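Here are a few notes to keep beside you as you look through this entry for the first time. Take them in any order you like.

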Amino acid sequence: MASQNPIAPSPAAGLYGGSVFANVVQAPEDPILGVTVAYNKDPSPVKVNLGVGAYRTEEGKPLVLNVVRRAEQLLVNDPSRVKEYLPITGLADFNKLSAKLIFGADSPAIQENRVATVQCLSGTGSLRVGGEFLARHYHERTIYIPQPTWGNHPKVFTLAGLSVKTYRYYDPTTRGLNFEGLLADLSAAPPGAIVLLHACAHNPTGVDPTLDQWEQIRLLMRSKGLLPFFDSAYQGFASGNLDADAQSVRMFVADGGECLTAQSYAKNMGLYGERVGALSIVCKSADVATRVESQLKLVIRPMYSNPPIHGASIVATILKDRELYHEWTIELKAMADRIINMRQQLFDALRARGTPGDWSHIIKQIGMFTFTGLNTEQVTFMTKEYHIYMTSDGRISMAGLSSKTVPHLTDAIHAAVTRMK
Amino acid sequence: MAAISREILKRRGIHRSPVMATIGTRSMASWFGHVEPAAKDPILGVTEAFLADPSPDKVNVGVGAYRDDNGKPVVLECVREAERRIAGNLNMEYLPMGGSIKMIEESLKLAYGEDSELIKEKRIAAVQALSGTGACRLFADFQKRFLPDTQIYIPIPTWANHHNIWRDACVPQRTFRYYHPETRGLDFASMMDDIKNAPNGSFFLLHACAHNPTGVDPSEEQWREISYQFKVKNHFPFFDMAYQGFASGDPNRDAKAIRIFLEDGHLIGCAQSYAKNMGLYGQRVGCLSILCDDELQAVAVKSQLQQLARPMYSNPPVHGALVVSIILGDPELKSLWLKEVKGMADRIIGMRKALRENLEKLGSPLSWEHITNQIGMFCYSGMTPEQVDRLTDEFHIYMTRNGRISMAGVTTGNAGYLANAIHEVTKSS
């Protein structure tokens, strides 16, 4: 502060023309989104993007569902529609309909008003709001997430204020579920710990427990008082049937216990960029649910005040109209069927090629992703030599495949497996 | 990671006592049985109460959402046209984490100037944010992560949610004097004192125009003095600009404070919102920008802002961003928008005049000059909470208890009724 010149820079933070953020280093590219960035840069005509999990048609194009287009037209042509702020908790219709969708219209939890539902920004936003709520109001601050899981899960929960641990999930030798490891790790968790469960179509492995296994998981968790937090990003998209894909969640709700559920409409309604989702907290009583909802508002208000209206309006329009809803289930099944078809085609092609190894996991796994079992070196090889873009953990998005590109992928996998170990 | 989580909760003042864990069976008690009902949001609670009131005379001058002269919400024509172009035509793929590039470009032009050299030099790190709230929150989180020893100076008074935002970001808060109750204007001397007395390099939250809730803005000369003092003290200016175009009717004029600071060489941060000036409230569209030393730094800062957005919502909503891009990117639509935003601003300025004249005609003993001196959506009437309660109980007039009137809720139809009621509760003070 010894300067004579009144506008000389202070030795404190920054200088004249010097930013206080001069020490900020560039963040590493997001591993998943970074794949698409690299793909876009590649000039090769045979490149295939099997990175980010967004549905593509047989022609490799993004898809806007017909029901969504119809709902949008209804909305845009309705002169009475305004763009006012939604309540902090979001669009009421949307919330009720979303709860019904995941828990079932006849769910006792809903009948008894024991469910607090708030509209959030897709699955990510629902997980973050739920995590923040738990960090403030729940007595156990550790959340167990499966090994592996979606790359963003650990960051979401850490920033929410929770401490993240893992439980064994994927078995690389069988490319299936490590059920013994899962049960052992959850048994060893402290009572009351939070457990993240993928409701269906586990991301990134595509490996789901069977219904029997879910029942065992449920019994174990209830006996230890572990709190289930479901991430439901693929309801209807996995098997093609909305109710079947919600079975795991409904089993837990049916036993009268509490749980959290994060729902996303990104994939199953193709509303990716509209950021539509819902967080539901199933409570023991209506009174608790009311108080819980009031506290969720305090998490949301300083984050973004209230959620975006457009996507939720589309969802509500579709869910509340019988005809639109029915048409949606048909379009949804078509997407799921195309993916199941791609799995079969890839499996058949690898078998026909005589590619070494057991590739049955491709048809056993479910949902958008397949955990191929390929290692990082093999993946790098496939990207370099065959312009196949995928995440380095060997995950491929089946939604990015088409009948036309299956042969090229088969060639790439075959080459990678035979030339690199 | 556990240490970070504990720290986050401690700073937020959250201390929970453990609840006895019991085994999960049907008879298990709720894990959340101890959760207290949260206090209602003071601003949004007003509208809830208004909606519940059956009186035909009720008037809502609470929440800051624009109403036309019939008291109806408005969707701008330019917005309707943009939506017609969007519906059924575009896909809904994920935006990049940082949001719509086009919308960001247009937003920067609006805030920094159409021909800004800073934009050409790519020195501005900018991301699409969830309206003004989201922009402020991202900045607060960024401030916490990269300058964890800093705090934020917030004006007295300010929008209530500002306190919540920086608190949840775990950034300590200080205040600086701003509003002068006696004159219902700016307490410039005290404000300058507080700016001078703050430690060098302090972070300040400034309302770029149409201060919420007071409607009191510094004059151009005062802004120049503030900017000068900020240079002396090397303070960081963070502008919350939620009303560009909406205050005077002219977006460039409303950005004057920011332009002054830029001329003086400050490296500013800025939160922009399209909630009011484009009527896009529920779409949650905004922009956070931070002016950096150079392009390289801007790239680094932007990448880090994205890292904060990713675990909060992954990427921002596309619809509102498309509406903004289409309007600002099309000369005809942009021109229409400028006309419409001026129309809104003019109506409010007209209502200020009407309210003041009505009160003066009623022979009020008090001075109501401040109604027309203040600018933007809000008028800080100077009424006490007790007077506000009387307005609600006796006249079914709804406003926040700090005496803030949302002028957007005043119409030629209710200006007289409102003036009469205000006169009744204040004439003996």
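Predicted model: local features only at pLDDT ≥ 70, side-chain atom pairs only at ≥ 80, totals over all residues.

1. Next, have a look at where the two chains meet. Chain A brings 101 residues to the contact and chain B brings 103. Together they bury about 8900 Å², with 57% of that on carbon and sulfur atoms. On the chain B side, Phe32(B), Met92(B) and Tyr94(B) account for 10% of the area buried against chain A, more than any other three residues.

2. Polar links cross this interface too. Between chain B and chain A there are 31 residue pairs in polar contact, both partners being at pLDDT 80 or more. The interface also has 3 salt bridges. To see a salt bridge for yourself, find Arg67(B) and Glu84(A), whose closest N and O atoms are 2.8 Å apart.

3. Which helices of chain B supply at least two residues each to the side that touches chain A? They are helices 1, 2, 3, 6, 7, 9, 12 and 13. The largest share, 11 residues, comes from helix 12 of chain B, which covers 295-313.

4. Finally, a word on composition: the side of chain B that touches chain A has 54 nonpolar, 27 polar and 22 charged residues.

Notes: Residues numbered from 1 in each chain as written. Chains lettered and ligands numbered in written order. Heavy atoms only, no water. Contact = heavy atoms within 4.5 Å. Buried area = accessible area lost by both parts, 1.4 Å probe. Salt bridge = Lys/Arg side-chain N within 4 Å of Asp/Glu carboxyl O. Polar contact = N/O pair within 3.5 Å; in protein donor to acceptor, adjacent residues only side chain to side chain. Helix = DSSP H or I, 4+ residues; strand = E, 2+ residues; numbered from the N terminus. Nonpolar A, V, L, I, M, F, W, Y, C, P; charged D, E, K, R; others polar.
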